[in-house]
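Biologist: Could you walk me through reading a protein model, feature by feature? I would like the general idea each time, and then the case at hand.

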Amino acid sequence: MLPARRFLPSLSLLAAFEAAARTGSITAAAKELDLTQSAVSRQIKALESQIGVDLFVRERQTIRLTVAGESYAHEIREALRRISSASLNLRANPRGGTLNLAILPTFGARWLAPRLGRFLDANPGITINLVTRLSPFDFRLDAIDAAIHFGQPIWPGAELTLLMKETTIPACSPAFKAAHKIEQPADLLNVPLLHLTTRPDAWEKWFARSGVHAESVHGMLFDQFATASQAAMGGLGVALLPVFLIREELRRGELVPAIDKEVESSERYYLAYSRERANYPPLVAFRNWIVEEAEREPQGQVREPSPAL
């Protein structure tokens with residue numbers, strides 16, 4: 001149920017207030033909105049009267065936001081942005097629907113984007129907008145319908161659909177491997193290791209599952225797999241990388257296993273979405289499609305068959 005009318009000011013009043021708050025000037029706001037200064041002043045005063053709060057301190061020919069006004073401006077600006085975005089999406093795709101999807105950058109670029117054409121071909125009325133998010137957020141406060149999540153099946157206020165597991169392998173350039181004597185997992189403690197900031201204990205977990213005692217493993221930090229894999233190809237060290245994201249580099253020989261030991265991650269990939277949007281048609285279509293795509297993803301390295309002797 002919508003709140004009382006007195007708490008739902010008209011868009012014209014809110015637009016006048018937001019413009020004045022952002023520019024810090026009635027004159028600038030009037031020019032932006034193609035109104036007179038007196039019209040903008042009247043709209044702001046009408047808004048203050050309607051909600052019963054002073055939003056500006058008026059000093060001679062200048063204005064400045066009150067503390068309450070600053071907080072209100074932030075909320076109203078975001079609300080107007082979301083209304084504008086919804087209107088733009090509807091105009092761009094009036095007969096279908098729009099799915100706003102948050103992605104993990106390397107997963108989105110390497111795995112999802114090359115496959116999206118098949119989804120769009122099968123669902124011509126749906127438009128997908130992609131944004132990057134590295135960690136969980138509150139779906140109630142963001143205009144996003146769903147997100148790709150890697151980790152444990154935990155996301156407050158959201159439902160999760162399992163997509164696939166992940167297998168990782170220590171990878172480096174062929175030249176780096178040739179320059180270092182790496183024959184067993186413990187040998188990796190003696191070479192530079194590359195770390196992902198979103199998985200700070202990944203190497204410790206890999207060593208533990210490989211039977212190697214390792215504490216406080218340090219090295220260069222990266223915020224994305226893409227840069228970590230490029231650094232590994234550049235000979236900066238060994239990166240612990242998901243096999244399915246570097247399959248082409250392994251096939252081309254740009255990366256090689258430093259130790260040919262794959263370890264399955266305890267975390268999984270999920271599609272997260274708010275419960276309120278669970279039955280939204282574009283989301284239902286995308287969820288069904290991406291689950292099928294994930295089921296076809298092979299695990300581990302895809303090796304060429306050995307030549308017959």
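Modeller: We will go from the overall shape to one helix and then to a few single residues. This is a predicted model, in which local features need pLDDT of at least 70, side-chain atom pairs count only at pLDDT 80 or more, and totals for chains, interfaces and linings use all residues. Residues are numbered from 1 along each chain as its sequence is written, and side-chain values use heavy atoms, with hydrogens and water left out.

Biologist: How many helices and strands does the protein have?

Modeller: Helices (H or I, at least four residues) and strands (E, at least two) are DSSP runs, numbered from the N terminus. Here the protein has 10 helices and 13 strands.

Biologist: Is the protein a compact globule or more spread out?

Modeller: The radius of gyration is taken over C-alpha atoms, and the globule rule is 2.2 Å times the number of residues to the power 0.38. For 309 residues the rule gives 19 Å, and the radius of gyration of the protein is 26 Å, well over that, so the protein is more spread out than a compact globule. Its C-alpha trace spans about 90 × 45 × 30 Å along the principal axes.

Biologist: What share of the residues is buried?

Modeller: Buried means under 20% relative accessible area, exposed over 50%, and partly exposed in between (1.4 Å probe, protein chains only). In the protein, 44% of the 309 residues are buried.

Biologist: And how should I read contacts along the sequence?

Modeller: Contact means heavy atoms within 4.5 Å. Among contacts between residues at least 6 apart in sequence, 73% join residues at least 24 apart.

Biologist: Now a helix, please. Which residues of helix α7 are buried?

Modeller: An α-helix has 3.6 residues a turn, so residues three or four places apart point the same way. In α7 (residues 202-209), the buried residues are W203, E204, W206 and F207. Seen down the axis of α7, they fall within an arc of 160° (taken from the directions from the helix axis to the C-beta atoms), so they line one face of the helix. The face turned away from this buried side carries the exposed residues A208 and R209.

Biologist: What covers the buried residues of α7?

Modeller: The cover includes the strands β7 (167-172), β8 (193-196), β10 (238-242) and β12 (263-264). Just after α7, G211 takes a positive phi of about 75°.

Biologist: Where is A214, and what does A214 touch?

Modeller: A214 is in the loop between α7 and β9 (219-222). At 16% relative accessibility, A214 counts as buried. Leaving aside neighbours within four places in sequence, A214 is in contact with L189, E204 and F207; two of these, E204 and F207, are among the buried residues of α7. A214 and A186 are 28 residues apart in sequence and 8.8 Å apart in space, C-alpha to C-alpha.

Biologist: Is S229 buried or exposed?

Modeller: S229, in helix α8 (residues 225-233), is buried, with a relative accessible area of 3%. Not counting residues up to four places away in sequence, S229 touches L241, I246 and L255.
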